[in-house]
Amino acid sequence: MRKARLGVIGVGWWGTVGHLDPLSRDDRAEIVAVQSRSIDKAQRRAERYGVPHFYADYRRMIDECDMDGVIIATTPNVHYEQARYALERGLHVLIEKPFVLHAQQAEQLGAMARSRGLLLSVCSPNCFHPWVVETRRLVRSGALGRIQLMTHAYSQRVYDLYEGNVPAMFGPLKGVDDVRPDATSYSDPEIAGGGEAHG
């Protein structure tokens, strides 16, 4: 089976622990390149995970590397421009949530992907948890009878991030390669949008 050749745009906290780390252990994927605004961070991540190419500019990464798709794990305020650039160059795109900050941007990206036959998705792994997959199977099979009401609660502890208090969530900094978000990545509305509502 041919491996999916991928690039990761944004190898900060979630780009690393949520994407780069697990994909580096997945024999169905090959991480071709990583990007960070900080070339030093990009190089450290590339060396740590055995990725052959690293960049500070996502455009150069996309233009210079042979990839099937990209994962966008940057701050939400730049998702639209990064996804658009990747789609224009024929790459499949997976974007971390929040997808984009404005509905019109989502509609434009969706139309671009459809017109080019490309996959475009927001990363929302909850629908793949085993209990969710089994529940779906049971509902579709009719084994539970006629469903009249379903509810689902999803909670996570991110309040400190919305306040910009990264140490409260992660503890003291443990060194140069301690993977954590910047203080403004979740707390600044110009960068992150509307907090949990957008997320």
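Started with β4 and β5: they pair in the parallel sense over four bridges. This is a predicted model, so I only read local features where pLDDT is at least 70. For one facing pair I picked Ile-72, which stands opposite Ile-95 in β5.

Next I looked up the whole sheet. I found an open sheet of six strands with parallel pairing, in the order β3-β2-β1-β4-β5-β6. Which are the edge strands? They are β3 (53-55) and β6 (120-122), and each of them pairs on one side only.

On to the nonpolar cores. The largest one has 25 residues, and I noted the members that touch the most others: Met-61, Ile-62, Met-67, Val-70, Val-93 and Leu-109. Two or more residues each come from β2 (29-35), α3 (58-64), β4 (69-72), α4 (79-88), β5 (92-95) and α5 (103-116). Which element gives the largest share of this core? That is α4, with five residues.

I took a closer look at Met-61. What does Met-61 contact beyond its neighbours within four places in sequence? I listed Gly-7, Val-8, Ile-9, Ala-33, Val-34, Gln-35, Tyr-55, Met-67 and Val-70.

Last entry: I also found a second, separate core of twelve residues, with Leu-6, Val-11, Leu-23 and Ala-29 among them.

Conventions:
Residues numbered from 1 in each chain as written. Predicted model: local features only at pLDDT ≥ 70, side-chain atom pairs only at ≥ 80, totals over all residues. Heavy atoms only, no water. Core = buried A, V, L, I, M, F, W, Y, C linked by side-chain atoms within 4.5 Å. Buried < 20%, exposed > 50% of the residue type's maximum accessible area, 1.4 Å probe, protein only. Contact = heavy atoms within 4.5 Å. Pairing = 2+ DSSP bridges.
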